[in-house]
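Subject: Structure handover

Hello,

Here is the structure I promised to pass on. Please open it first, then read my notes below.

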Amino acid sequence: MTLTFTLDPVIGTVLRDGILELWADVTNAGGAVGFVPPVAVDDIRPALITQLASVADGGSRLLVGHDADGRLAATAFLTRNTHRLQLHWVWAYTVMVDPRLQGRGYGRDLMAAVEAAARSIGGIDAIRLGCRGGYGLERFYASCGYKEVGRVPEAIRVAPGDDRDDITMLLPLH
């Protein structure tokens with residue numbers, strides 16, 4: 001099975017609800033996507049509303065991946081910088097693959113689609129993303145061509161006494 005990726009899909013109720021469910025599933029499976037389990041879709045809804053508002057105003061682009069049955073399987077948001085000296089790179093946020101599909105290469109497929117999407121945006125020289133330490137995510141992103149360019153020790157407090165590094169990864173596009 002392969003995923004079909006779409007940049008800038010029409011965002012309707014089905015897609016919005018699918019992203020909410022995916023985000024909750026990823027978080028509850030232990031994924032590091034801005035929340036700590038357990039979460040429900042209502043916990044995530046305000047964050048998604050903020051991200052979709054950025055898509056609506058042109059500050060972000062949404063990339064989605066669907067499986068052969070049309071089910072939402074992966075997402076990533078590409079967000080442009082607003083600072084005039086940093087317009088040449090984008091952030092990748094909320095990079096997720098359905099936990100039921102992990103371990104089959106779809107994460108690599110998603111990251112390749114993120115790269116292709118960033119290359120399609122004029123004037124973009126690099127992609128940056130942040131990841132939470134303690135999961136080995138930096139090794140996964142490194143295997144996709146990203147390089148660790150920064151690390152703030154214990155910057156993310158997952159729970160009292162459980163602080164994780166905030167790691168910045170970079171993929172040059174030139």
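One term before the findings: contact means heavy atoms within 4.5 Å. In that sense, Arg16, Ile19, Leu20, Glu21, Trp23 and Ala24 in H1 meet Val41, Ile44, Arg45, Ala47, Leu48, Gln51 and Leu52 in H2. Please keep in mind that this is a predicted model.

**The helix pair**

H1 and helix H2 (residues 41-56) pack with their axes 9 Å apart. The angle between them is about 125 degrees. That makes H1 oblique to H2. The crossing of H1 past H2 is right-handed.

**The sheet**

Seven strands make up an open sheet. Their order is S1-S2-S3-S4-S5-S7-S6, and the pairing is mixed. Strand S1 (4-7) and strand S6 (147-159) are the edge strands, each pairing on one side only. On average, neighbouring strands of this sheet are turned by 25 degrees against each other, direction ignored.

S1 and S2 run antiparallel and are joined by four bridges. Thr6 has Val64 in S2 as its bridge partner. S2 also pairs with S3, in the antiparallel sense, over seven bridges. There Val64 stands opposite Thr75 in S3. The hairpin of S2 and S3 has five residues between the strands. In that hairpin, Gly70 takes a positive phi near 85 degrees. S2 is mostly covered, with five of its seven residues buried.

S3 and S4 come next. They run antiparallel, and six bridges join them. Leu78 has its bridge partner in S4, namely Ala92.

Which strands does helix H1 (residues 13-28) touch as it packs on the sheet? They are strand S2 (60-66), S3 and S4. The direction of H1 makes about 100 degrees with that of S3. H3 packs on the sheet too, touching S1, S2, S3, S4, S5 and S7. Its direction makes about 155 degrees with that of S4.

**The cores**

In soluble globular proteins, nonpolar side chains tend to be buried together. Here the largest nonpolar core has 30 residues. Those with the most contacts inside it are Leu110, Val114, Ile127, Leu129, Tyr141 and Tyr146. Strand S3 (72-80), strand S4 (89-97), helix H3 (106-119), strand S5 (126-132) and strand S7 (162-172) each supply at least two of its residues. H3 gives the most, with seven residues.

Not counting residues up to four places away in sequence, Tyr141 touches Val95, Met111, Leu129, Cys131, Tyr146 and Met169.

A second, separate core has 19 residues, including Leu15, Ile19, Leu52 and Val64. Two of these names have come up in the helix pair: Ile19 on the H1 side and Leu52 on the H2 side. Val64 is the partner of Thr6.

Leaving aside neighbours within four places in sequence, Glu138 is in contact with Cys131, Glu148, Arg151, Ile167 and Met169. Cys131 and Met169 are also among the residues that Tyr141 touches.

Best regards

Key: Residues numbered from 1 in each chain as written. Predicted model: local features only at pLDDT ≥ 70, side-chain atom pairs only at ≥ 80, totals over all residues. Heavy atoms only, no water. Core = buried A, V, L, I, M, F, W, Y, C linked by side-chain atoms within 4.5 Å. Buried < 20%, exposed > 50% of the residue type's maximum accessible area, 1.4 Å probe, protein only. Pairing = 2+ DSSP bridges. Axes fitted to C-alpha atoms, helices over the stretch in contact; angles between N-to-C directions. Parallel < 35°, antiparallel > 145°, perpendicular 65-115°, else oblique. Left-handed = near helix turned anticlockwise from the far one by under 90°.
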